Amino acid sequence: MAWQSFGRRKDHLALGTNRRYATALDARMNERALQVTARDQPLQTLSPLELRLDEVPLTVDPKPHRKVKAWVRFGDTPVRVEAIAARWTPSAVGITFTVDGQEHRCWVWVGAVDEIPRGP
């Protein structure tokens with residue numbers, strides 16, 4: 001039973017795993033799961049009460065380019081997506097991202113966002 005993934009460390013591949021294409025396969029599987037989730041459930045966003053845009057400063061990037069990874073929710077399902085930060089307040093970030101050719105926009109808490117470092 002040593003071949004089963006139960007109790008397997010994350011850095012060890014299961015029997016039959018293709019090391020060469022594992023990352024690409026994982027990315028395709030994640031993209032497909034995201035497509036199904038986005039199709040079947042509504043995208044959640046922060047409410048005006050949570051955003052308090054009439055009380056806190058708002059920064060709008062005229063040419064959004066900051067790439068981020070952000071946790072969003074489609075219905076009750078949390079999903080991490082690659083997105084662009086387009087606007088922000090001290091506590092929230094307005095992001096845009098595309099799933100299966102359709103653009104999505106929402107507000108998420110700043111703690112749900114990690115900036116993707118620029119390459120060299």
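Which helix and strands each supply at least two residues of the lining of the largest pocket? In this predicted model, local features need pLDDT of at least 70 and side-chain atom pairs count only at pLDDT 80 or more, while totals for chains, interfaces and linings use all residues. Residues are numbered from 1 along each chain as its sequence is written, and side-chain values use heavy atoms, with hydrogens and water left out.

The contributors are helix 1 (22-40), strand 2 (66-74), strand 3 (77-88) and strand 4 (92-99); helices (H or I, at least four residues) and strands (E, at least two) are DSSP runs, numbered from the N terminus. Strand 3 gives the most to this lining, namely six residues. A pocket here is an open set of points on a 1 Å grid over the protein atoms alone, where a 1.4 Å probe fits, with protein on both sides within 12 Å along at least five of seven lines; lining residues have an atom within 4 Å of a point. Eighteen residues line the largest pocket, and Glu31, Leu34, Arg80, Val81 and Glu82 lie nearest its centre.

Strand 4 deserves a look of its own. Strands pair if DSSP finds at least two bridges between them. Strand 3 and strand 4 run antiparallel, joined by four bridges, and form a hairpin with three residues between them. Arg87 has Gly94 of strand 4 as its bridge partner. With strand 5 (residues 102-109), strand 4 pairs in the antiparallel sense over eight bridges, and Val99 stands opposite Gln102 in strand 5.
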